[in-house]
Amino acid sequence: MPSASSRKINTDNTFTLLTLGSMALMRSGDPSPLLGPGKPVALLAYLLGQPAQTASREHLIELLWADADPERARHALRQTLWQLRQLLGDGAFSGKDEVTLELAIGSDRSCFLGLIEAGDLEAATTVYAGPFVPSFASPGGASFEHWADSERDRLRTTFVRAMERLIRRHLAAGEPRAALSAARRLSDVGEEPMIGRRLALESHLAAGDLISAAADADAFERWAREEEYPLDSAARTIVDRVRTELGRDRGESSPEASVSRHLVAELVGREAEFARVLTSWNAVRQGGSRHIHLVAPAGLGKSRLLHDLEARLQNSGAAVRYFRAHPGDRDLPSALAGEIARALASLPGAMGIAPQVASTLVGLDPSLANTYAVTADTSTGEEARRRRTLALTDLLRVTSEEAPFALLIDDLHWADHESLPILEALLDRAHECRALFVTATRPVADRILRSENRETIVLRPFTVEQVTMLLDSMGTRDASLGQAALTEPLLSATGGNPLLTLELLELASERGILTLREGAWHCTHHEHLATLLQDGQGIRQRILRLGAESRELLLLLSVAGVPTSLAVLATASTLSPETATQHLALLERHGFVHRSELGYETAHDEIADMAVDVAREDARTARAKLASALERFANRDLAVLSRSATHFHTLGDDQALGRLTQQRMAMARASGRRESPQQALQALLGSRADALLTRRVLRTLPWTTRVRTPVGRVAAALAVVALGALA
């Protein structure tokens, strides 16, 4: 808590009265209090709290000298006023039966309330140093104490609400560290520790700092037990969320392996865009839908903004679903539409659809058979697209009736051609639904998303000021790491690309040239730093520093282009699951890959592209190993079988495509359907299964399989006729 001498109150008056967290009368320029806690200061506090700064003498006596007989009480009041006049001047008070404070005296209370009214929450919450009149008690001052109690509660409530608004503002602007600092101050001041601790946890989650969040959650629960202060529902929800997120982050690996060690900066340079999206979310909560379309080249922060938005909405209790289109699914028909269906089906209210709608959804994504116990719709072509659009619209409607929600769709440039028109139609039909759609894409001409109510936000490269903010969000810098030594060379080397900037900083950190210790940047060799920044190529150099086994796993994930399971990766790399886990944990710690419920994937497309470029001729071998591993693990999973077929098609392996075609036909028979080889191949490869490829693959099939095709039946009939003629 600031001392009486160090606090700065916005006033030009000669005298200032401190009542928040302390009780003192101060003279401008004098660090020592003129008066400390006592009845003179209490009298001034009361008069300053009245609209006209006036009170009757009888009321002041009742307020502060109720224990004395009338004559003694009147004398005590006169003496108090005389004492104050000696300090403030003869003209400080006026009135005979009433006492009016004529002197303009500043006070922290009036300053605090004035700043609140002006909307300057940062300054207002700084002025509030603690409870109003915290250290006054007198035998005859019960009435004053009752008034002070009421005023204390009012000011405390005002402060807490202001702090909550300030913390929410920091979180909305992507400033979790500032939010955390404010939340801790809310607890330290001693006002509403439950709210302060809860908001601190939200701030940790927004910053992605799960380890600190877990430690604070433990301390929170321990404090609640010791104080016998049961957690309210909001606090319990956020504590449980910390546990869930930490468990998801750890997965099957050890806690040490799961902790992310790579550099993490605040969401800087994107505060305005983040605020625009949150404004749209607030509008959705009032009714109607909104569509925000983020456009930027790779590495400029689209995914980071979406992930921070996801955390922000989840921490506020909102329903939000994030998913992305994958490069490995670009040629898989309706792959993204299936992701949309799964996301909507996981929301509350999703069971309220008609059976025929559920049937269409299961036809779109067979995994939804675990949600809806219906037979899959088998429509194809334009009719299938029409039904799927209507089914998704109906699912969107029933889920939004339950509660507003947000769908965050990343990497739309990888979307398959079948899904884009479905998504466009869904957006056009969503006007009456309480849903926020946020889509993100690179500026690719053939992946333009057309939507009537789209609001487009274009992310620009960082300026030198924003690179400075990025560095400062992670740690302080001394004069030797100023603009000319670090910020400007970083900007020149990366073109203001945030991802490439972080990659160069990572490389400098891995080489020991730059270190980040105890919240401060340190440089061990300035010449080496200058050379590194001139060379650039942060991602390439970091990949080249990896061991052979780690690079192979990264290459497999880069070729896969979709989340891939540990079992598939271990099989493709011929590593044991334990060894593969260790290397994947290393890649995760260095920020190359991340883990989800669906498996491992590269952390960014730029990393995947560079891993393939570094490997060159090894990429084809990696694709062959991956295709074979996927074939082995396909079992009854059609999506895995299709991905295996995609890789074999890229490799030009018609024999393998023939095997997968027969496996697909067997799966259809097991589910009570019959498919021709052409239909099976079409289901595996979509539009890539043209007439030429189909003929080549059919030649690899056994005669007994080919004879089931129309061409095969004609050939068989001709053969029978020919044999008969020979007989």
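How many nonpolar, polar and charged residues does the lining of the second largest cavity have, by class? The structure is a predicted model, in which local features need pLDDT of at least 70 and side-chain atom pairs count only at pLDDT 80 or more, while totals for chains, interfaces and linings use all residues. Residues are numbered from 1 along each chain as its sequence is written, and side-chain values use heavy atoms, with hydrogens and water left out.

On a 1 Å grid over the protein atoms alone, a cavity is a set of points where a 1.4 Å probe fits but cannot get out, and lining residues have an atom within 4 Å of a point; grid points are joined across faces, edges and corners, and a volume is the space filled by probe spheres set on the points. Three cavities of 30 Å³ or more are found by this rule.

The second largest cavity holds about 50 Å³ of space, and its lining is formed by L171, G174, P176, A206, F274, D308 and R312. This lining has four nonpolar, one polar and two charged residues, where Ala, Val, Leu, Ile, Met, Phe, Trp, Tyr, Cys and Pro count as nonpolar, Asp, Glu, Lys and Arg as charged, and the others, Gly among them, as polar.

For the largest cavity, the volume is about 60 Å³, and the residues that line it include R324, H326, D329, W414 and D416. Five nonpolar, one polar and four charged residues make up the lining of the largest cavity.

Technical notes. On a 1 Å grid over the protein atoms alone, a cavity is a set of points where a 1.4 Å probe fits but cannot get out, and a pocket is an open set with protein on both sides within 12 Å along at least five of seven lines; lining residues have an atom within 4 Å of a point.
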